[in-house]
Amino acid sequence: MESVATCWSGLKHFCQIDYRPEVVNILGCLSDSVHITSGVPQGSVLGPTLFLLFIDINDIEDIVFGTSVRMKLFADDVKLYSSFAYNSHDLQDVCDRLTVWAEEWQLQIAYNKCISHRISDRAGADGNSSYRIDSHVLCWSDETRDLGVIIDNKLNFNCHISAIAHKAHVGASLILRSFVTRDPDVLIRAFVTYVRPILEYCTPVWSPHTVSNINKIESYQRWFTKRIKGLSDMRYPERLAFLGLETLQYEI
């Protein structure tokens with residue numbers, strides 16, 4: 001399966017509103033007003049909703065009609081993907097249609113954020129093929145981060161598990177260094193609030209099946225609970241029972 005991920009860096013003429021003034025208010029002090037004739041404020045709550053309405057009304061999904069390509073939208077990101085055994089021109093055709101669509105609706109594509117990614121169990125599957133958006137050739141990516149999950153060319157999540165395990169270790173160490181108290185209830189509440197979500201996020205996608213990855217994920221809860229005062233001499237199952245926790249393997 002091959003995919004192309006694109007991102008719009010800016011939006012021109014999202015809506016035309018003549019002489020709409022905008023000011024910045026900081027502690028009651030107002031900046032000079034500026035007349036805004038198009039667009040929505042960066043970081044606004046309503047902005048993403050208006051953007052999704054804009055691209056939906058303009059039928060962006062029509063660019064994949066009659067092809068094997070499928071589309072996924074998330075805010076201002078678009079993922080185009082297709083599954084085939086050998087060669088297919090559909091993905092490039094849809095990229096060409098996307099270029100025409102973006103020009104028609106005055107959207108700027110962030111070419112530097114666009115990549116190609118291939119998932120295959122065949123060695124050397126990349127070949128010499130490449131995809132383009134407008135005149136920009138897209139680079140091939142061996143690992144792609146999609147909504148916080150790292151995906152490689154063989155759907156092997158070792159890199160993702162290593163990344164979140166390191167992040168969890170940093171978070172657990174920070175809790176032990178930052179909290180003066182050694183009250184188990186306080187430390188475990190902090191661990192469950194700030195560290196376990198890192199290890200549990202999106203587990204239906206990457207849930208480990210190898211012993212090494214299962215042990216890697218579990219080791220950081222094992223390490224953290226052992227450093228709680230009065231529990232270091234207990235076995236891991238005993239510490240979990242005392243603290244009212246389940247193993248991460250059970251939760252995942």
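I looked up which residues of helix α4 (residues 184-194) are buried, and got L187, I188, A190 and F191. Buried is under 20% relative accessible area, exposed over 50%, partly exposed in between (1.4 Å probe, protein chains only). Helices are DSSP runs of H or I, at least four residues, numbered from the N terminus. The four cover an arc of only 160° around the axis, so they sit on the same side of α4; the arc is taken from the directions from the helix axis to the C-beta atoms. On the face turned away from that buried side I found exposed D185 and R189. The cover over the buried residues includes α3 (158-178), α5 (196-200), α7 and α8, with contact meaning heavy atoms within 4.5 Å.

Source notes: this is a predicted model, where local features need pLDDT of at least 70, side-chain atom pairs count only at pLDDT 80 or more, and totals for chains, interfaces and linings use all residues. Residues are numbered from 1 along each chain as its sequence is written, and side-chain values use heavy atoms, with hydrogens and water left out.

**α7 against α8**

Next I checked how α7 (residues 211-226) and α8 (residues 236-243) pack: the angle is about 70° and the axes are 10 Å apart. Axes are lines fitted to C-alpha atoms over the stretch in contact, and angles run from 0 to 180 degrees between N-to-C directions. The pair is therefore roughly perpendicular (65 to 115 degrees). From α7, the contact uses E218, Q221, R222, T225 and K226; from α8, Y236, R239, L240 and L243.

Methods:
Helix = DSSP H or I, 4+ residues; strand = E, 2+ residues; numbered from the N terminus. Parallel < 35°, antiparallel > 145°, perpendicular 65-115°, else oblique.
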